[in-house]
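Hi,

Here's the structure I said I'd pass along.

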Amino acid sequence: MSKLILQNSLTRAKEIFIPADPTHQQVKMYVCGPTVYNYAHIGNARAAVVFDMLRRVLQHLYPKVTHVANITDIDDKIIEAANKQGVPIADITEKYAAIYNADMGSLGVLTPTIQPKATDHVEGMIAMINDLIDKGHAYEKEGHVLFYVPSYPEYGVLSGRNRDEQIAGARVEIAPYKKDPADFVLWKPSGKSQPGWDSPWGYGRPGWHIECSVMARQYLGDVFDIHGGGLDLTFPHHENEIAQSCCATGCDKFANMWIHNGFVTVEGEKMSKSLGNVILVHDMIEDGIPGEAIRLALLSTHYRQPFDWTEKGLQQAVKTLDKWYDCLPHDEENNGMGETQIDDEFLSALCDDLNTPLAISILHKLAKNDPAKLRAAANILGFLQTPADSWRALRKKTHHTINDADIDVLVSKRNQARADKNFAEADHIRDHLASLGVVIKDGPDGTSWTYE
Ligand SMILES: [Zn+2]
């Protein structure tokens, strides 16, 4: 079996991946999921696609992969959005969780094995917070429960931040209820009109970090193989997850390997609402851009590198997929290429810290001389997922810049031109339609048209 080597953010080194499961047959991975109150942008999509790619590689190498990715459905931003619209938070979270899953599905992202929601695990969060208080790692003050950072000397192990940087990075005003400026919230009080749960510390709601510690432990155990997320989550979120989990379980580790994907910019600039350059996956899919092309554009940069989203890169990805699909036979169901071995060079590239740029360059080589190997290898990365004929038909449809009603109008004009014996005009209209992929057929029952 090929050895998978991954860059572990925790040790800052490339390591051979070995599943903790004693039989080494099962892999357990947790990835921080979305906070669901608006549409997913290309930065959210990058994390989802990168960890889906890792999952697919793991599935190729191991018989069983459990991929847990949570849905954060309680958060101040969600409450704010619900208040603005005058609806319960569930209206917002259910809507955007469904949209998120549909949009990521368009990008070929497999549904996580388990996709737990924070609001379904509040009881577990209360239990873990209680445990942390009992063990002297957390304290209650003014309806808040805070994690006491000085109680955990290893704090900062993941991010490498020293104490001054931790305090600056916590970006929280000095609250009177904090014993130490680096302390972070596990539980906070809710107003009567705010969503909340009864707890030993009064009516309130959990802080964000505790949900991941609780859900990861419930579904994957005290220590599991891989924890993933965007680089921006390293501090404070992941640092806090480690502190909570290690203090609750008594283990010296939470996840054995931490994998982070790099930042995303758009056409060389930071993506921000104020710049008006936030790229939403939903918009692109609605515009008929194939999800596989978005996926290919995202994976064309190594996952740890910063990724710059460009229109040019997207168009290049579309062209590449057109080319790859063109290598595949027509009517594949009947001209099936059967099972085939995965190209060694391709697999080695992926096993070397998921080197997708190299793997994609090998797909280009395979496209030239071995369609069966191309498809088999591409499938591991989540490409060439549709029959080639469907892809070609879909691409033709999206190529059309004319709608059916306009075609009907042109066909009538052409019929009139023919009736008037203006054959030059009739031919001109026919050629124009042909350039748009519309074929005209003149028969005994009149003129009909079809897409090429
Ligand atoms: Zn998390």
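One term before the rest: I call two residues in contact when their C-beta atoms, placed from the backbone, lie within 7 Å. Also keep in mind that this is a predicted model.

With that cut-off, here's how H6 and H7 meet. On the H6 side you have His209, Ile210, Cys212, Ser213 and Arg217, and they touch His237, Asn240, Glu241, Gln244, Ser245, Ala248 and Thr249 of H7. H6 covers residues 209-220 and H7 covers 234-249; their axes come within 8 Å and cross at roughly 50°. That angle is why H6 counts as oblique to H7. The crossing is right-handed.

Next, the core. The largest nonpolar core holds 115 residues, and Ile129 and Leu363 have the most contacts inside it. Helix H1 (residues 42-61) gives the most to this core, 11 residues. Both domain 1 (5-261) and domain 2 (265-398) supply at least three residues each. If you skip its neighbours within four places in sequence, Leu363 is in contact with Trp324, Leu374, Ala377 and Ala378.

Three of those names come up again in H13: Leu374, Ala377 and Ala378 are among its buried residues, along with Pro371, Lys373, Arg375 and Ala376. H13 runs over residues 371-380, and since seven of its 10 residues are buried, the helix is largely enclosed by the rest of the structure. The cover over those buried residues includes helices H10 (311-327), H11 (344-351) and H12 (356-369). After H13 comes Gly382, with a positive phi near 85°.

Cheers

Technical notes: Residues numbered from 1 in each chain as written. Predicted model: local features only at pLDDT ≥ 70, side-chain atom pairs only at ≥ 80, totals over all residues. Core = buried A, V, L, I, M, F, W, Y, C linked by C-beta atoms within 7 Å. Buried ≥ 20, exposed ≤ 12 C-beta atoms within 10 Å, placed from the backbone. Helix = DSSP H or I, 4+ residues; strand = E, 2+ residues; numbered from the N terminus. Domains from an automatic or database assignment. Axes fitted to C-alpha atoms, helices over the stretch in contact; angles between N-to-C directions. Parallel < 35°, antiparallel > 145°, perpendicular 65-115°, else oblique. Left-handed = near helix turned anticlockwise from the far one by under 90°.
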